[in-house]
Each structure stands twice: as structure tokens, then as C-alpha cells.
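Subject: Handover of a structure

Dear colleague,

Please find the structure below, together with an account of what was found in it.

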There are 4 protein chains.
Amino acid sequence: MQTAVYRLGMAHPGDVSALAAAIDAGRIDPARIVAVIGKTEGNGGVNDFTRGYFTQSLFALLAERIGASAAALAARIPCVLSGGTEGVLSPHYVVFVREPGAASAPGPRLAIGVAFSGPTPYEDIGRAAHAHAVAACVRAAMQDAGLERAADVAFVQVKAPVLTGPRVQAALARGGTVATTDANRSMALARAAGAFGVALALGEIDETAVRDDALLRDFAVRSDRASISSGVEIVANEVVVLGNSAAWGGALAIACRPMQDALDIGGVVAALADLGIAAAPQVAAPDRDRVAAVLVKCEPDRRGAIRGNRHTMLDDTDINAQRHIRGAVGGLVAGVIGDGRIFVSGGAEHQGPDGGGLVAVIARQD
Amino acid sequence: MQTAVYRLGMAHPGDVSALAAAIDAGRIDPARIVAVIGKTEGNGGVNDFTRGYFTQSLFALLAERIGASAAALAARIPCVLSGGTEGVLSPHYVVFVREPGAASAPGPRLAIGVAFSGPTPYEDIGRAAHAHAVAACVRAAMQDAGLERAADVAFVQVKAPVLTGPRVQAALARGGTVATTDANRSMALARAAGAFGVALALGEIDETAVRDDALLRDFAVRSDRASISSGVEIVANEVVVLGNSAAWGGALAIACRPMQDALDIGGVVAALADLGIAAAPQVAAPDRDRVAAVLVKCEPDRRGAIRGNRHTMLDDTDINAQRHIRGAVGGLVAGVIGDGRIFVSGGAEHQGPDGGGLVAVIARQD
Amino acid sequence: MQTAVYRLGMAHPGDVSALAAAIDAGRIDPARIVAVIGKTEGNGGVNDFTRGYFTQSLFALLAERIGASAAALAARIPCVLSGGTEGVLSPHYVVFVREPGAASAPGPRLAIGVAFSGPTPYEDIGRAAHAHAVAACVRAAMQDAGLERAADVAFVQVKAPVLTGPRVQAALARGGTVATTDANRSMALARAAGAFGVALALGEIDETAVRDDALLRDFAVRSDRASISSGVEIVANEVVVLGNSAAWGGALAIACRPMQDALDIGGVVAALADLGIAAAPQVAAPDRDRVAAVLVKCEPDRRGAIRGNRHTMLDDTDINAQRHIRGAVGGLVAGVIGDGRIFVSGGAEHQGPDGGGLVAVIARQD
Amino acid sequence: MQTAVYRLGMAHPGDVSALAAAIDAGRIDPARIVAVIGKTEGNGGVNDFTRGYFTQSLFALLAERIGASAAALAARIPCVLSGGTEGVLSPHYVVFVREPGAASAPGPRLAIGVAFSGPTPYEDIGRAAHAHAVAACVRAAMQDAGLERAADVAFVQVKAPVLTGPRVQAALARGGTVATTDANRSMALARAAGAFGVALALGEIDETAVRDDALLRDFAVRSDRASISSGVEIVANEVVVLGNSAAWGGALAIACRPMQDALDIGGVVAALADLGIAAAPQVAAPDRDRVAAVLVKCEPDRRGAIRGNRHTMLDDTDINAQRHIRGAVGGLVAGVIGDGRIFVSGGAEHQGPDGGGLVAVIARQD
């Protein structure tokens, strides 16, 4: 097996014409698509419907070309979208395709596996039970990828459901309790639960660390390979595991490094260096073509300062803090790579160092 | 003479306590302050009152300590503020002090001069007449700095007045015409006029290029050393000229480089290199202490794409395009320097390359 | 013939389940739907994709239930959406169905007709040529409704295409010119052109008034029965004409009144009174059930004041002026009706009195 | 004694020229000013500095005219500002002046009293202890007004301090705990505590109801006469009590009514009727001149719907919910009055009916 990665642009969140063209040209076999990760141009918050619009458009296309129902496809192909293309970021999506191929390379190559949980009860969202559901899902995705060792896993992308007004009402109406009634806070709690789940599955923490009261509180608990998105448009967890394996072929490999804070350009350069790519200060044109995808998590430092200087992201009533940090870290990473097609997802609670995050790069190894 | 530069933090836009403390401790002689350049945490648009609030607070302090009226001080000390500390940017202000000192250094050292125009008639704002007024003001500031050659000027900061609803009404009521009735557009036109004025004064363009219909249209007309802010709170142009001169002493020097686009990390690294500071990839801690101020202009590429990839800044009804670009370029420059105290001003029309901007660094040369 | 009107809620912009349920229950014959007018919860600006998302969802449903292609249906059923449910406004859509029925009533009853133009060349958008295209389209829709006299037309809803970055580039690339390169301004110009077109078709103005340089300039030119939306998601003009006719049956009638300014509660009460409904101060519960739909146009007064008091809508960099005014006028009209399901569309340039707008009510006459 | 009320406009948040002119003309004796309540055009959130800017400007003026220090004046004259002039609202401030005057009227007349608490410990903010501090302050203000009976109190305006990042850090550093680390939530908790305090002082609730865990939870606990603002710029509670008393003279009286929800136009009309003013549907011009001030509290219904129709205020990442509701209710009240100079303050938790709020009118009784 080998993993092919296609990075495609979109003119608006309902535009999947680039994928349609690739399918029509025979470059992509739609039946072999295993996951899609993308950035759409909404606000990235509870009321960001660009994710749902793109998802509907994507599965309508695939349903038509594959001859299956959109619902059936959506239940087996994770489509993980992060809203918000602040600043220099460019709306795009990355299509992961699992193709036949021999393990041919001098080193391990990009492996991919996916899994879905069942629907998360609204009462569980953003709690320890949510983390356990995600952990089980990660283990299933590792098995799907044939990745037996947690050490071979480089990056885990999770999409987790959140609470909305109606979901809170539904839970309360049936006598349940919810982790929060604040929709924005539920997005953060769901991300935290996802990170705990990944850390547990990868052995970065043990079971005793997974407690309701540690979520969004004990930031020493973390995964350095987890990227969690949360959104209103789903009810189940979706997991994509990416790693490097000698059992996989193709030309691609993946590297992931933590970012210590939002200014940690060193983390970006290190991830590139892991793949043999120099940035001095920017990735040069020929190497830039080797880069197939860049995936970043970041976070507005909750302590209100970065390296001792006050930032204003957390107290801004006009612009959501996640929009702020995506724009800033996106600007930094895009400047190093020389390309705005960076998947930058805000909300890195428990994902990488507190106040920082992580950066993963997929690149050709030839 | 020599120029001392103090970079101070603020807890909110009315907080000048750091300056008060420096005056009280005898570190700064308030009578020798010649200019203040700062970033406050407003939205940077027409209705950003954090600039006015800081200005009122600053001159109230100086009036009290110097024993002069606030109005008289405001008429001789340019206070150039840019609103908007998006992302990792940190609210701060840079106080320029002209102190006695011999020309002692092995190379030229930071020189500063300032000038004010009279009030700009509302009918002139954002037009060629505005550019000519700025050019005259730049020449006066060069003279104030003792900088005879345009080549010795590294950076010119201008604050230019804009049109507001009442100003438009006033002009129309007296039978005049205005460049635009759109307040946001008037901010852009005022910046364009300022850039034309600097370019003219520095010999980057000649008089025939200064035409109403070239403003915001002919982007080949530009200055690579101009940084223009525009704001509702002033009626006259204010100019600060910074350069390097063998006639000045002290330890500081300034370098300025154009940025080709919002991803041009190379421009930032080059400006640092001009001052003997390496960034590989980030300025190391000892060198970071040498950096006294960083001043950046940037712009959301008006063609809707950066290096071929679509950006969404110009079509965003939720977040102003200038806020977007400040956050992204601020994130990039702050990442290279390792410090969020970067003066990043959006609106670089005709200031540096089209779609890019420029970056200036002031640093100790010892 | 008679017109039935169904006002349906949505849980999000992709939710057409209420319509699906009504079709499944036999209450609505999908083949008889002639128009949909609705409010979705986006920002109402250029980058509001909730309109496209709802449209895609609507036509996917209708295509499936009718057995026609979504594209064919979209080319004959106007779907006019206004983004932005600020304040108390509730996302909803109004489905207009043309049913068989005898002219039975004591008075004239609600008549409806629709029409589409061909694609508007990008060079024409927001210009006099655009107005003429809309006028022709209004005449066609009147014919479709069997409304021969302009006096019988109460309300004309138009959806007009706008300029976007790519459209501007396309026009310029082929040697054309465009009315503006500013996407937000093109939305205003397109609305203005639509209003001129309606006014021309209804005889409120004559041909000599339709000039490029009158658009967004001569606000004495206006229609008191036009409501124009503009959006990025369409390329042709879509027109829905609503009137009262003795040739139509059913129970509904429509009334429309101008609003002199954003505080003109009297206009709302007058439109209700035209239909025999009292509001003292609020429509009482039984009468409230008679109200089938409320359609409002409004505008932030471009002179910066309302009845002599300064407003801040036009100079706000944080919240778009159209969002401001929709929230305020929506709050007023919803308070009189006692219901947040009000279609309130910002951007009333040349639609009703300058600085005001208009309000239409459809209600049962029994 | 009698209370005079002056409603003044401002061109920007630092503009107190209207008050300066009134003082200079001898219309207002600055030494007799007892309170100022106003609306400035910021965002109304944690990072709204227009309140601080206006306050600084106001006390600088008064200090200069009275010959006292600004700090001393700020410690005895409550200046209660609400940020946010969404929609049709107009920036303005209401100056309350206590003048000599005999009790002359046929009915009770407007009485005013003020009081300040000491600084609220950060650990107390938004907790029961905060409510008790406010209650004591209300009782002091009643005494200042000579209002012995709670029944004679019509309206109590409180300004309460909130938590910010630095305040949270300070409390935690000294071993304290805080009610929340979320700045926006602390604004809501501070308002809740203030409402509990007023309700307790006015006998609307008893002491057992004042519990930490009832704040923002038990919405049956409420005051129908409390209006609480909270803001970052103060550290102590400030209270203004307004009532009607036979011991006071002058021409003014005050009425206050609860609003059941954001559509409750009836509450507005009832408050006017209490003062003998008709609105049918709008206050007619002569009566409009009798209106001296209008003060409103409102709230985005936390259950996500108003009269069964979904609203989108709580899930909006682009516009803060308080901005939404101020715009909507401001539009409604301004439409009834026919004037945009309405003090509308969001955040009516425990102030009036849940999901609604209250409206007070001060008007001439002749």
C-alpha cells in the first residue's frame, strides 16, 4: 500500500470542482479516498457553516461518482475541516488516497488509517468518557493503518462533536447533565477530551490522568501528536492516524514537532529538517514542491502573555481568540514554507506544549 | 547629538505609567522626547479610539511633568499610533529621545527629525495636494535631523488625517468636493497620499508622478522607506524621519528593507543582517536584547492571491482586511525576532512593493 | 389560481427538513413551488456562504422529490435569500406555492409571478445596463402573475449578481471595465441597479432617470415597492413580483408601505392596518396567526445621523453597517408583530425613502 | 432639592465639549453634578476602552472647572457608562444635577442619591460577597437620596468591577480563588452579583437567596429595578439610586417597567403611560420633548429562542451576543420614542424577567 496526497484549492466552500476534475482525468480513484482534511473560510466557531457546506458538496460529488449514498460515504471517510483562513491562509483541502504499491523505499513511508466512533452522547461531550471513546477510535485507526507501535504514529487528527443549544436542551430534557451550557466552551472541552484520548492511545499518559476535572485545567497532560477539531456538524468522533511505516510504499513521509509557543519558528524548521528540507530562512522553490501538506495546531496563550509580553487575544470582544492565533501562527508557518496552503487549526488545548501547539509536514522523500 | 529609544509596555490604552516611572527615575528627560510611535489594541479603523485615548494620556503626563500645555506639546511631538494588536502582537510604544552626545561611533548612527504640516483642508485629503503637503513636511523633518542626503534616510513615518462623516459634510457644506465619502476608503487614500509625498521628498519619484488619479491606482509609484498611518484623531500631517548619520552619536542604527509580499521572511532576515544580527531561524537571546524597535508595513494583496493561492482577506465582512494582514505579518516578523513588540501597520499602499510592504529594525551596534 | 405561503424554520442553513416534512405530508406539492424567500444566519456580506448552502440544500431536496435536476429547478424557481439574523431575527424561509383556486374573495387576493434574466455580464453589474435588464425581468414576472397594471404590484423582490475578485479579473482580462473593484461596493451598486430597474418597470421613474452616475448618488430616484438583495452566488437576476388581483383566489393579501427612516414604526403599523390588523402596541395573538410573512428593507442612514442624532453604523470597523441596521429595524418590526420571523434585508439604496426603506406584510383576509 | 437632567451628545468618546459649553454658559453648575450615565461607541466588552476614555475626559474637564483633582471627583461622582451604540443608538450621556428647589409639585418628583463601595477584592467579584457589598452601597445611596421606602425607588444603576487576566493572576498569586478565569464570564457574574445586591436592598429577595451557586443559575431570583453594568476600568462598585419623592421638587419623574422578553413593546408603552405619555404607535413630537432620559436593560434569551423561534445570538462567533441584543432592543425602544438617544445596556441577568429586562423613562410632568 501507499498513500497519495492531493492538495486542492477551492473557490468557495461549496466548490469541489478541483476534485471532480482530478477524478474525471483519472488522477484520483474516488473509491480509494480514505480521508479529507481541509480549511474552509468560515469563522471557525459554532456558527461556521462553511464546514457543513463543503462536506455536503464533497459527499454529493463522491456519491455521484462512486455510486453510493452520501450518508454511507460520510460514515466511512473522515472529512475533517477547520474553519478560518485568517490572514495569508488559503482555503484548500488535502485528499488522502490509499493506493496499491509495494514497500519500496529506503526508509519508512507515509501510512494512513481511519476510524469512526458511534455517536457521542451529549452528556459525554467534553468529559472523560469522551476521551475514552476517542482513544478506542485511535486504536482502531492504528489497526486500520497497520501501525502497531505508537512510536510510528506521527500525527492523529480527530474531529469531535460539540454541544449546541438544542443538544444541551435535549440532554437536560432527558434528565442528563452537560459539561457546559456555553457553546464556545464546549468546543474547547471537546478538543481537550480528544487530546486526552489520543494521548492515552499513544501511551503519552495513562488512564489515571483521564479525569473530568483535568480537562482544560491540568495542562501538563498533553499529546504532542494530537490535532483536534471540534464542530457542530457531527455527532460521532472521526479519527485519521498518520505515521511512517516500512510496510508502506510511495514517496511520502511525515514529520511532526511540538511548538513551544506561538513564536516557535524553530519547531517549524525542525519538522522540515526531519524530512531533509532546509528553510534558510524560507524553503527554496524546488523543495517547496516536495511539500504535500502542512498541518498546524496552535493556541492563544491562556496566561495572557507570550514570552513576557502581553497579548490581547483573550479579551477581544470583536475577534475570537482562535481567529487571532490562527492568523498569527499561520503567517509564521506560511512564511517559512513560502505557501499559504497551511492547515492551521486553533484550539490546541492539551495538544503540544501549553500555549504552543505542534506542526506536521508531509513531504516527498526523493 | 544621539538618539535614545525606549520601548515600553502598556496595560491598556490609557496606561502611560511605564513612561512616568522612567521619567521619575531620571532615565528619560521628558523635555527631550521628540517622537512616540506605538501600537494600541483598538481595531485600527475609523472608530478606533484607543489612539486618541493613549494620545490624551501621553500628553497629559508630559504636560504635567514638563509644565507646558498638552496642546502645545502635541503640536511639536509627533505621536504616531497604529491601532490593532492582532495575534501575537503586544501593545507597546517606542519613545524617541534626542540627547546630547558626540559622534563617536565607527559607523553612522541613528538620526531623528520631526515636522508638522498645518491642518490639511478636508478637500485635499487623499489627493495630490495632500502628497505635496507631506513632501514639504518630510523635507522639514530631514532638515531637523540634519540629514541632507535622501540616501541617508532609512525610514519615514507619517501620520495623516482622514475624512469622517462630519468632515465630509463640512467640506460639502462650504461648496468643496472630497476624494471620497467612504470613511474606510479615505483612510487608504490618505495613506497613499502620504506615500507619494515621502517618495517625492526622497527622490524615489518625480513631481509628474504625483497625480490624483495615480493614488490607489498606479502601484508602480511607491516609496520603499515610507510608513503611513492615517487616523480620525488628527487634522495635520505629522512626520518622523529616521536615518543613519556620521554626525550623530550613540549606539543605535537603523536598517530598512522592502518585503516583496506577505510571505517575504527574507526581507526581515535581510534587515536584521544589515545590522549584523543573525536569525537562524530566530534571533538568539543576546542579539534579541540589541533590538530596540521593529517597524513594519504590510498589505492584504489587492489581487486576492499570494503567490497564486487565493486569500480571503478582502471579501471578509466579519474581520477588516487590515486586521487580517497585521495579524499574519506580525506573526511572521515576531517569530523571526522572538518578540511580539512589533509595530505592524496595515495599509501599505504605495509603501514598498505592491502586495508587500517594508520592515525596519533599530538595533544596538556594539 | 391562488397563492399559498408557508413560513418554515430551519435549524441551520443546510436544514430543509421542515419543507421535506410538509412535502411528505402532502401539504405542499413541490412541483407547484414558484419561489422561496428566506433569511439565513450568515453575515450577509460577500463571504456569506449560508445562502449558497441553503440553496444547494433546497434544490437537492426539490430535485429528488420532483425528479428534475437541481440546476433546472434553480433556473426557474427564484430562491432569494438574505443573510444575517441579527438580534431577535429568526432564520426562516417563506415558500410560495401557486395552487389551483377560483377567484372567490370579496377583495383582490395575493398574486405571484416570477422571471429570470440571462446572466448579467460582469461589465454591466451595478450600472444602468443592469437596471434595464432588471426592468425587463420585472415586466416578465408581472406577465407571469397576470398583473397588467403597475398599481396592482405591491412588492418586487429581486436578487442581483455582484462583482467578486475573480469576476473583476475576468472582466478586466477580456478588456472590459467594471463599475467598481470593491466587492462590498459592488453589492450596493447591484442593489441600486435593481431598484432603478423596478422603479422603471413600475413607472415610478422614466428612462431618462436611469443613468450610471445616478446610482448611489441621486437618492431622489427610488422605488417604494422594490426590495433588492445581491449576492455572490448567482450570475443572473431573479425576480419575484407580488401583488393583489381580483383574478386570484385564496385568503391572502399583501400590503406595502415605505418607512421614512429607521425609527418609522408608523410605516409598520400602517402596512398592518391596510390588511385590517391592529397593533396597539403589538399585534394581538389571534391576529398574529393571520400574518403569513413580513418583508422589510432598511438602510443605515448614509448622512450619519437619524433625526439629528449621530449614529455610528457607517464608521464601524468591527460590525458591518448592514448588520447594524438589520438588527435595529428587525428589532422594531419584530416587536410590533410579536414574532422574530421577519425577512429584513439591509441595503435599501433607492428602495423607499433615503435613509429609510419599506415594509410589506402578507396576511390572511378573513 | 430637585434633580435636573441634561442629555448631551458627543462626537467621539473623548468629547465632553457639550458639557463644557453648558458649564461655560452657566446652565450647569459643575459642583452640583452628582452622577453621569452614558453610552459610548465601543464594543461593550472587556476590551472596550471608550468608557475609560470618556471617563478620563469627563473628570479632566470637571477637575479643571471645579478646581479639584480628577481622582477625588471620580471617587464621589458615579460615571456609569455602557459601551455599544449598535444600530440606531446614538452616543450620549445624561448628567444628573442636584439643585436647590422646593417640593412644589402636585406629585412626587425625581430624587437621586449616590454611593461608592470600597474596592471589591478580586476574589469576591461575581460572588455572593460582591452582592452584599452592592446591597450596602444601595442602602447608602437611598439614604443619600432621602428615600426611606424601597417602594419609592424606581431604578438603581450599578457599575461593578470585573475580572481581567492581570486581576485573576493577582488573586491567584496571593493564594486566592476567583469566580472564573474567563473575562467575558466575569462580566456576567459581576452583573449578576449586582442584581442580587439591589434585589436584597430593595426587599425583592431575602438574604437566603444570595448564594454563590444561584448567580447565573437561579433566574427566578431577580430585581425588576436593577440595571447593572460591569467594566474593566473600575475597582469599586458605584451606585445611583433614582426614585420619586414628595420631598423633592422640580418637574421630572421616573417610571420603570419590566420587559418580559426582547419583543415586549408593551413594557415600553406602559412605562411611558405611567408618566402620562402616549405612544400610538410613536411618542408625538411635543411629548417627545418631555422625555429627558430612557434607560433600558436587555438580554439575549439564554434558552436560544424567543417566543418559540430560534435566535442566533448565543452561537455567533462574529458578533458578541450583547451587541446583538442591544441593537435589537435599542431599535425597538428608539422606534417607540422616536429618538436614538437610549441608554441600552446588555447583560440583564437577574435584572427583570429572564430573557427580558426592564425600561425606565424620566420625563417632565407638566
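Directly following H7(C), C:Gly276 adopts a positive phi of about 80°. Helices here are DSSP runs of H or I with at least four residues, strands are runs of E with at least two, and both are numbered from the N terminus. The model is a predicted one, in which local features need pLDDT of at least 70 and side-chain atom pairs count only at pLDDT 80 or more, while totals for chains, interfaces and linings use all residues. Residues are numbered from 1 along each chain as its sequence is written, chains are lettered from A and ligands numbered from 1 in the order in which they are written, and side-chain values use heavy atoms, with hydrogens and water left out.

Helix H7 of chain C spans residues 265–274 and is mostly covered, as 7 of its 10 residues are buried (under 20% relative accessible area, with exposed meaning over 50% and partly exposed in between, for a 1.4 Å probe and protein chains only). These buried residues are C:Ile265, C:Gly267, C:Val268, C:Val269, C:Ala270, C:Ala271 and C:Leu272. Their cover includes strand S9 (252–259), helix H9 (321–337) and strand S14 (357–364) of chain C, along with H7 and helix H9 (321–337) of chain D.

In chain D, helix H7 (residues 265–274) holds D:Val269. D:Val269 is buried, its relative accessible area being 18%. Leaving aside residues up to four places away in sequence, D:Val269 touches C:Pro281, D:Ala279 and D:Val336 (contact means heavy atoms within 4.5 Å). D:Val269 and D:Ala279 lie 10 residues apart in sequence, and their C-alpha atoms are 6.3 Å apart in space.

**The interface of chains A and B**

Between chain A and chain B, 43 residues of chain A are in contact with 43 residues of chain B. The two chains bury about 3,100 Å² between them, 56% of it on carbon and sulfur atoms; buried area is the accessible area (1.4 Å probe) that two parts lose on being put together, summed over both. A:Val88, A:Leu263 and A:Arg310 supply 20% of the area that chain A buries against chain B, more than any other three residues.

There are 4 salt bridges between chain A and chain B (a side-chain nitrogen of Lys or Arg within 4 Å of a carboxyl oxygen of Asp or Glu). A salt bridge joins the side chains of A:Asp316 and B:Arg323, at 3.9 Å from N to O. On the side of chain A that touches chain B, helix H7 (265–274), strand S12 (309–310) and helix H9 (321–337) of chain A each supply at least two residues. H9(A) gives the largest share of that side, 10 residues.

**How the copies are related**

With kind regards
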